[in-house]
Amino acid sequence: MSDLSAPGFPEEEVRHRARTGAAAAFPPPGAYGRVLFGAEHRGDRPRPGVERDPLDALRITPPVFMPQRLARLIDLGREPDYRDVELTTAIGGFTSSLPVYVSALGSTRAAGGDLGLALSRQAGALGIPMVIGENVVPVNGYGRLGEAADRALLGRLRAYAEALPEGQGGVAVQQSTEDADAEVWNLVYSDPAALPLLESGRLAFELKLGQGAKPGLGGMTVLDAEAAARLGDRYGIDDVFGDGRVLRSGTPGTFTAEILRQQVRLMRNNFPRARVWVKLHPGRDVAEAARVAAEAGADAVTVDGAEGGTGWAPDAFPAEVGLPLAECLRRLAAAGPPPCLLVSGRIWEGGRAVKSLALGARAVGLGRAALLATAEDPRAGLVRFAECLALELRLLISALGKYAPAALDPDDVWSPAFP
């Protein structure tokens, strides 16, 4: 078992799902008939001193009358059940087997090496889109010039593509300021290894404006002295730890509405065969930024809630900076969400995913959950985790009398915060 951990995240629940698969959607079968399970079993009450997550506080609300179930019954010629829910979803120009994608995992140590390759292979086998995050090339290299293949971008790209079913999935390659200096998109767009993805319409480039873990800041990692000397001319280096290790910081980039419009148009002009994605942090003007990106022609707009993030961040940021995912969804819904809204932020089970889909998201992102599931079993942990998530999605969506994620709407959830 890997020693990878995620404090404050339901790590053991994720590992249990990676070990067990779809059976993890239920209590232990040996408890049947002996244990009375209720709301607290699902974490319905907050821990003392911990504010309840507003998305978790929502309730999924099935109606009594279900006209869509009747329509499905007529179509099938029998009573439908949860197995009749179709989860295949169009995500940012790609066809995904689930309304799920793997969130951006960049140059952090946790996503590098064998774990990053194992995750890429399993995401590819599942046929779900995967985002390769920022700073992989400036830090670890592209993979053509003798760099360690397990940490380079090309290694992840190949591992994913080799396992990918025909007609499903896709890779989005993220670029930040330092990536632009390294011409990452140009490298990928011209690489023969990426040609099958490009020709089949399964390559996207994602412009990163921010991230949920640290809104307003660039990417951060911890480096030893040797790595710091190698990268010091490309990143900000700060000796904050006093033990030989240093903080490496990327620049967040500068954006206005007009700069964003021009960037999206430039991407469409320079890389006409690639899809265009835009990644936003949970800023107070997130709805306006999403509107600008969509109107400029982005195929998908990704929003990280403040609960999101897999990388290194100052303690104050996850605790105190950025809008919660539920508030991002509320603001986006009020303004009219973009045609393809992707969201992430502590997604690890079907209930939180269904609520996000009902409030306007096209698909949800797995970050820490994907890493933990892969760490639990590098061969099949993420696959079994996804099997469990898929079962929960089918159960919940069918309970609402619906049979596709796109059929969900705000009436399917309730909370005093969403009257």
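**Exercise 1.** Is E376 buried or exposed, and what is its relative accessible area?

*Solution.* The model is predicted: local features need pLDDT of at least 70, side-chain atom pairs count only at pLDDT 80 or more, and totals for chains, interfaces and linings use all residues. Residues are numbered from 1 along each chain as its sequence is written, and side-chain values use heavy atoms, with hydrogens and water left out.

Step 1. Apply the cut-offs: buried means under 20% relative accessible area, exposed over 50%, and partly exposed in between (1.4 Å probe, protein chains only).
Step 2. E376 has a relative accessible area of 11% and is therefore buried.

**Exercise 2.** Identify the salt-bridge partner of R15 and locate both residues.

*Solution.* Step 1. A salt bridge requires a side-chain nitrogen of Lys or Arg within 4 Å of a carboxyl oxygen of Asp or Glu.
Step 2. R15 meets this criterion with E376, their closest N and O atoms being 2.8 Å apart.
Step 3. R15 belongs to helix α1 (residues 11-20) and E376 to helix α16 (residues 368-376), so the pair ties together parts that are 361 residues apart in sequence. Helices here are DSSP runs (H or I, at least four residues), numbered from the N terminus.
Step 4. R15 is also buried, at 2% relative accessible area.

**Exercise 3.** Describe the salt bridge between R331 and E327.

*Solution.* Step 1. The closest N and O atoms of R331 and E327 are 2.7 Å apart.
Step 2. Both residues lie in helix α14 (residues 325-335), 4 residues apart, about one turn of the helix.
Step 3. R331 is partly exposed, with a relative accessible area of 27%.

Terms used
Helix = DSSP H or I, 4+ residues; strand = E, 2+ residues; numbered from the N terminus.
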